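Welcome! Open the structure in your viewer, and we will walk from one selection to the next.

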Amino acid sequence: MNAMASGPGGRTVSRHLPFGEKRDSRFYGQSILSVSQFDQVDLATIFEVAREMRAMVERVGSFDLLKGKVLTNLFYEPSTRTSSSFVAAIERLGGSVIQINNVRFSSVAKGESLPDTIRTLESYSDAIVLRHPEKGSAALAASHATKPIINAGDGPGEHPTQALLDIFTIREEMGRIDGLTITMLGDLKYGRTVHSLSRLLTLYDVRLNYVSPKILSMPSSLVESLAKEGTPQNEYRELEPVLPETDVLYVTRVQKERFENQAEYEQVRGTYVITPETLAAAKEKMIVMHPLPRVGEISMEVDTDPRAAYFRQMENGMYVRMALLALVLGKA
Ligand code: NCD
């Protein structure tokens, strides 16, 4: 993103670099819209800062790195983890948050456009976290914004901060990413988490298996672009044939809200359920991940299996988002 903009009367003004902030970060003042903006060095930076954040939280709970900074959390779709982990992240860094998670009570209900809502909220805050049901909405918001926009899910499009916390979790749990076989299971058509995660994994040497009902297959455009990157991918309808070779089993929820035809949803809901019996055929060192919420895809009896990594994954979300805020708002 361009840090300079033309001000009133053609004057050139600095948009994102207020006096006294560090200017050397590659992330400083940048929007986070898609995983395609990251390279391996970026990921290493984010993960290193996330580990520091975890250590600081364990030691002191919160600290004043972003004192005085205000974050807006603008959510047009339901959220528990993404929204509250961003709140926790900014507050643990000493900043504060404007929380709009029920747009029915904002001027959106009066018909205000996304660009106008963004223009308003950016004048009160230093960055905006946006979740919106339309693909491309975060990019649209960023094109009207002078402050960083963080995409927290644009419909079935992308969910870049989730992909970052997912890869951070794989790295922390498995000790490496290269060489792993990662099996994605469930709704690969509408699931934005798997869209971002599979794209970001092209930076590594991994094998991807896709297991889904036919109507919920990974979009072919995405499969083609991953193939161009040289990532080996295989598609299945059943988990059984690929489970024994799997190192990371990434389970997703069937995205009920994206179906135009509810009868179709009924057809595919509950296709796959992970139980302790399923895991009997899995590697002892495999991990089970899920972005959550789960609605029956993983039985609760799995929770006590050491391979169940989804709650650790969820906790990692806060450290990774603390790292991102610290890097984007400039004082990491
Ligand atoms: C996911 C999402 O919103 O895309 N949840 C999350 O952010 N952890 C997954 C989902 O809703 O199924």
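**Stop one: a helix**

You are looking at a predicted model, in which local features need pLDDT of at least 70, side-chain atom pairs count only at pLDDT 80 or more, and totals for chains, interfaces and linings use all residues. Residues are numbered from 1 along each chain as its sequence is written, and side-chain values use heavy atoms, leaving out hydrogens and water.

Eleven of the 15 residues of H5 are buried, so this helix is largely enclosed by the rest of the structure. Helices here are DSSP runs of H or I with at least four residues, numbered from the N terminus. H5 covers residues 160-174. Now step past its end to glycine 175, which has a positive phi near 80 degrees.

**Stop two: the ligand**

Which atoms of the ligand and arginine 192 lie 2.7 Å apart? They are an oxygen atom of the ligand and a polar side-chain atom of arginine 192. Move on to proline 291, where a backbone N or O atom lies 2.9 Å from a nitrogen atom of the ligand. At leucine 292, a polar backbone atom is 3.0 Å from a nitrogen atom of the ligand.

Definitions and conventions. Helix = DSSP H or I, 4+ residues; strand = E, 2+ residues; numbered from the N terminus. Expected span 1.5 Å × (residues − 1). Buried < 20%, exposed > 50% of the residue type's maximum accessible area, 1.4 Å probe, protein only. Polar contact = N/O pair within 3.5 Å; in protein donor to acceptor, adjacent residues only side chain to side chain.
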